[in-house]
Amino acid sequence: MQAYIVRRVLALVPTLIFASLIVFVTVRLIPGDVIDLMLSTNDIGADRKSREQLEAALGFDRPMVSQYFRWIGAFVLDGSLGQSLWQSTPVMEDILHRLPITFELGVYALVVALLVGIPIGVYSAVAQDTVGDYVARSFAILALALPSFWVGTLVMVFPAIWWGWSPEVKLIPFSEDPLRHIGQMTIPALILGKAFSAVVMRLTRTMMLEVMRQDYIRTALAKGLAPRTTILRHALRNALIPVVTLVGLQAPVLVGGAVILEQIFVLPGMGQLLLEAVSQRDYPVITGVFLIVGLAVVFINLLVDLSYGLLDPKVRYR
Amino acid sequence: MTSLAHTAPAAAPVRSGLWNFLVRLFRDKPLGAFGFVVCVVFLFCGLFADLLAPYGFNQISPINRLKPPGEKYWFGTDNLGRDMFSRILYGAQLSVIIGLSAAALATVVSVVIGVVSGYLGGKFDMVVQRFVDGWMAFPDLVILIVVVSVVGPGMGPVIVILGLLYGIGGSRIVRGAVLSVRENAYVHAAQSTGASLPRILWKHILPNVMAPVIVLFTTRVGAVILAESGLAFLGLGVPPPAPTWGGMLSGSGRAFMYQGPWLALAPGLCITIVVYAINVFGDALRDLLDPRMRGSR
């Protein structure tokens, strides 16, 4: 098991190197001068910051290769991502402050997706080609097409018009009022989990149909095992492995969706931090959020890989 | 005479192929056929928005501001008295341009990376795939926001960024198809006759991976429209006064939704219907083009 974990972590190294290069290159090598953009957008001249100071602050006064190694070296050795250009606070501190909100929203959305997607997927497979199956499949495609920012907008506008109710627009900390905090997170989590539940439902259905044709299911039914037990104990457990993989693959989608929903529901998470940084052209923050989000997704996928053994005894860590 | 003899039979199979496809689509995949019809209507509205729209997309009429949907203004008017129906039609035009251009670019990028990486294999493939792994670790919207923040908003940048974004991710699908095709006997035969690499890729590999490529293109159109709407909603898409569907749900339109709730309905409904139609058509296309996928699943 330990050897497997070590091998799996080592296999991540090239991916992480490419991910860091993508972050670095995206912000620095795209046509157009970042400094000019910052100067024009923020009227930095009025702020008495010279172009040279900005270049030095961003580390742009050094050769490109040196910039990369300096940036990634500071991150790997000290966990430093530099300082925000406007707040002068360490970027890592800002990120660590916001990360739990996005993480919490993502976890709630994941729970929603699994609670909705798996039962409907199982039902849809068991009742293949019935009216219920068609309704479930149509719901799934519709859920994929519904833009979360539109649903979020409708939730903000129509209850306010009809009943004078609107969601909280200031974060209530969990420590202050746990129930209201969870209640505040529920609507964005439901919206964020909507599209994911559709993907989970479609994959669960496909995998259940595949598994239910296997000999061991036929054997279980032939020996008189109740269909309910056969489905839950034999079929579902085997059908769930690709669904777990899907959780890893969908992690970037969840984070991306969280950016928009945090903006609509005024949740101070990573998405809002990124959008604030974009509006201020605060590149150390943009780069930091970009990198941490990528790393988080890579490590979620690692955890997903390592969890296979818990679900499927056939998976051996050799 | 000879040329006539050559051209006449060549045209017939193409026509019958398309006709057969449409017959199968409407007979076997009614939901997919519905999606196809909606896609055609969407394309028509987008192409002929200038002729169909009763008003200009930025034609202001202060006296008619925030009028609810009615006989004169089918979808109502916004806070500046602009006709929402006309803006929706022009929005369809922008969505058609951005959706088709970015999806086409994405497909070309996917094909180039997927075909070359999948066919060549070895260390080249390994390096390219680690790059794709790294790229896919980032949420689409986060990449879009970061890149647009550097290059600035606008239709051109949005098309290029969406094209590259979905192109790199989609290359996995093309590569997967190439990996199975490259082992076929006709590819080995071409290799043994000394055919050049470009010829093998162009004449033998590419035509045999066209089915997944067509499906990829279709699904990418929907994904691009959804992503562009999200970007416009965040104020990072094509800048106003261009009437993008996502943009209509944000900015000044959003501030007046409480007085004119219809402002929140039409753009979102259009995005949902079009993306839904493209997805169900894409699903049907996949089933019809791939014999292994035919059936109810």
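1. A salt bridge is taken here as a side-chain nitrogen of Lys or Arg within 4 Å of a carboxyl oxygen of Asp or Glu. By this rule, the count over all chains of this predicted model comes to 16 salt bridges.

2. One of these joins the side chains of B:Arg175 and B:Asp125, at 2.8 Å from N to O. B:Arg175 belongs to helix H7 (residues 155-181) of chain B and B:Asp125 to helix H5 (residues 122-136) of chain B, so the pair ties together parts that are 50 residues apart in sequence.

3. The contact between the chains draws 55 residues from chain A and 44 residues from chain B. About 4300 Å² is buried between chain A and chain B, and carbon and sulfur atoms give 77% of this area.

4. Between chain A and chain B the count is one salt bridge. A:Arg202 forms a salt bridge with B:Asp283, and their closest N and O atoms are 3.3 Å apart.

5. B:Asp283 also takes part in a helix contact, as one of the residues of H13(B) that meet H6(A). Helix H6 (residues 131-145) of chain A packs against helix H13 (residues 266-289) of chain B at an angle of about 130°, their axes lying 8 Å apart. H6(A) and H13(B) are therefore oblique to each other, and H6(A) passes H13(B) in a right-handed crossing.

6. On the H6(A) side, the residues in this contact include A:Ile141, A:Leu142 and A:Leu144; those from H13(B) include B:Val275, B:Tyr276 and B:Val280. The residues of the contact divide into seven nonpolar, three polar and one charged.

Note on methods. Residues are numbered from 1 along each chain as its sequence is written. Chains are lettered from A and ligands numbered from 1 in the order in which they are written. This is a predicted model: local features need pLDDT of at least 70, side-chain atom pairs count only at pLDDT 80 or more; totals for chains, interfaces and linings use all residues. Side-chain values use heavy atoms; hydrogens and water are left out. Axes are lines fitted to C-alpha atoms, for helices over the stretch in contact, and angles run from 0 to 180 degrees between N-to-C directions. Helices (H or I, at least four residues) and strands (E, at least two) are DSSP runs, numbered from the N terminus. Angles under 35 degrees count as roughly parallel, over 145 as roughly antiparallel, 65 to 115 as roughly perpendicular and the rest as oblique. A crossing is left-handed if the near helix is turned anticlockwise from the far one by less than a right angle, and right-handed if clockwise. Contact means heavy atoms within 4.5 Å. Ala, Val, Leu, Ile, Met, Phe, Trp, Tyr, Cys and Pro count as nonpolar, Asp, Glu, Lys and Arg as charged, and the others, Gly among them, as polar. Buried area is the accessible area (1.4 Å probe) that two parts lose on being put together, summed over both.
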